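This report goes through one protein chain part by part. Look at the sequence and the structure first, then read on.

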Amino acid sequence: MNAEDFPKTLREVIRHFDADKAHDFFVSLRWPDGVICPRCNSKRVSFIRTRKLWTCMDCTKQKQFSVKVGTIFEGSPIKLDKWFAAMWMLTNCKNGISSYEIHRSIGVTQKTAWFMMHRIRVAMQTGSFVKDKLKGLVEVDESYIGGLSRNMHKDKRAKKIKGTGGAGKTAIQGLLQRHIGKCSKVVAEVVEHTRGELLNTNVRKYVLKGTEVHTDALPAYNGLDEEYIHEVIDHAECYVRDGVTTNGLENFWSLLKRGIKGTYVSVEPFHLFRYLSEQVFRFNERKDEDGDQGRFLNVLGHVIGKRLTYRKLTGQDGVPDALPSQA
């Protein structure tokens, strides 16, 4: 399909991609040079048209496979036309979209919609900044996600709040590569605490040595002076001084919290990193030259080789639902 003919709005996506067209499009995207078995990479396959399955001649077990095998769609009875609509909405709604809205829009249960959205968020975790370190001018800041103590019941507040500031909340750290006249890029992850050892380790992991780094006056960042051009802005005095600021990240935090508070309302701490990946993706791809279709195709191109089961998502298999390295 030519870029000019590709749907450019949600309405066009729904009208264009019926179940058959969505299936054929994903087959052409996944196997542009011909279908191969995702288990043994054999090209000796035959297509069962009535069931939309292939049979591999070389596999000794599990001979049959569909285009969903080895992707975030694997094991899902939901047809790809509904997956495409949900993916389009999640990647292009600036403040996110609730599972109830997906449930009402595409005709699945709310529980199914919630599971679908988490699987799509897996495809949003590209991890590109692990290899390509941030450089130029980088802002580093931390924030906290959680309910306001004044909105909690007295008993719950006494149980959860054991201090001031971020007590009882989940800490996140962000690093933003600032561009003048271009699109800034951000990388963010959930952190266990905001002490210097962990925060500085993340800076060294994501930021090229010798880069100019702007932080607030948190003492934890004092260890960066030897490896980086470290500039500090004390928010007790001002928010900008001669170009030194962390306002770019403050903007990202406001977008993230607007989505969580306004759309998702309540996010469990062990699922937070997925919602963070969603907002990081939309922020970094906000200036995509191809617009909505570019973001959609970007995510669709990252669904292969990734899998999230419901047991893992809900912690039923004993494996923590966490991402070791968030980017």
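What percentage of the 327 residues of the protein count as buried? The figure is 45%.

## Overview

The model described here is a predicted one. Its secondary structure comes to twelve helices and eight strands. Consider the contacts between residues with a separation of 6 or more: 62% of them involve residues 24 or more positions apart.

Strands of a sheet pair through backbone hydrogen bonds, and the pairing can be parallel or antiparallel. In this protein, five strands form an open sheet with mixed pairing, and their order is β6-β5-β4-β7-β8. At the edges are β6, residues 185–191, and β8, residues 229–233, each of which pairs on one side only. From one strand to the next, the twist averages 25°.

Val-138 has Val-213 of β7 opposite. Helix α9, made of residues 247–264, packs on the sheet and touches β4, β5 (170–178) and β6. The direction of α9 makes about 35° with that of β4.

Is Ala-188 buried or exposed? Ala-188 has a relative accessible area of 1%, and a residue under 20% counts as buried, so Ala-188 is buried.

Ala-188 and Gln-279 are separated by 91 residues in sequence, while their C-alpha atoms are 9.6 Å apart in space.

## The hairpin of β1 and β2

Strand β1 (residues 45–48) and strand β2 (residues 53–56) run antiparallel and are joined by four bridges. Ile-48 has Leu-53 in β2 as its bridge partner. Four residues lie between the two strands of this hairpin. Lys-52 takes a positive phi near 55° there.

Helix α3 covers residues 80–92, which makes 13 residues. From its first C-alpha to its last, α3 reaches 18 Å, close to the 18 Å expected at 1.5 Å a residue. How many of the 13 residues of α3 are buried? Eleven are, and the helix is mostly covered. Among the buried residues are Leu-80, Trp-83, Phe-84, Trp-88 and Asn-92.

The axes of α3 and helix α4 (residues 99–106) come within 11 Å and cross at roughly 140°. This angle makes α3 oblique to α4. The crossing of α3 past α4 is right-handed. On the α3 side, Lys-82, Ala-85, Ala-86 and Met-89 meet Ile-102, Ser-105 and Ile-106 of α4. Of these α3 residues, Ala-85, Ala-86 and Met-89 are listed among the buried ones.

## Helices α5 and α10

Helix α5 is formed by residues 110–123 and helix α10 by residues 272–284. Their axes come within 9 Å and cross at roughly 60°. The two helices are therefore oblique to each other. Here α5 passes α10 in a left-handed crossing.

Which residues make the contact between α5 and α10? From α5 they are Trp-114, His-118, Arg-121 and Val-122. From α10 they are Arg-274, Tyr-275, Ser-277 and Glu-278.

Conventions
Residues are numbered from 1 along each chain as its sequence is written. This is a predicted model: local features need pLDDT of at least 70, side-chain atom pairs count only at pLDDT 80 or more; totals for chains, interfaces and linings use all residues. Side-chain values use heavy atoms; hydrogens and water are left out. Two strands pair if DSSP finds at least two bridges between them. Axes are lines fitted to C-alpha atoms, for helices over the stretch in contact, and angles run from 0 to 180 degrees between N-to-C directions. Contact means heavy atoms within 4.5 Å. The expected span of a helix is 1.5 Å times one less than its number of residues. Buried means under 20% relative accessible area, exposed over 50%, partly exposed in between (1.4 Å probe, protein chains only). Angles under 35 degrees count as roughly parallel, over 145 as roughly antiparallel, 65 to 115 as roughly perpendicular and the rest as oblique. A crossing is left-handed if the near helix is turned anticlockwise from the far one by less than a right angle, and right-handed if clockwise.
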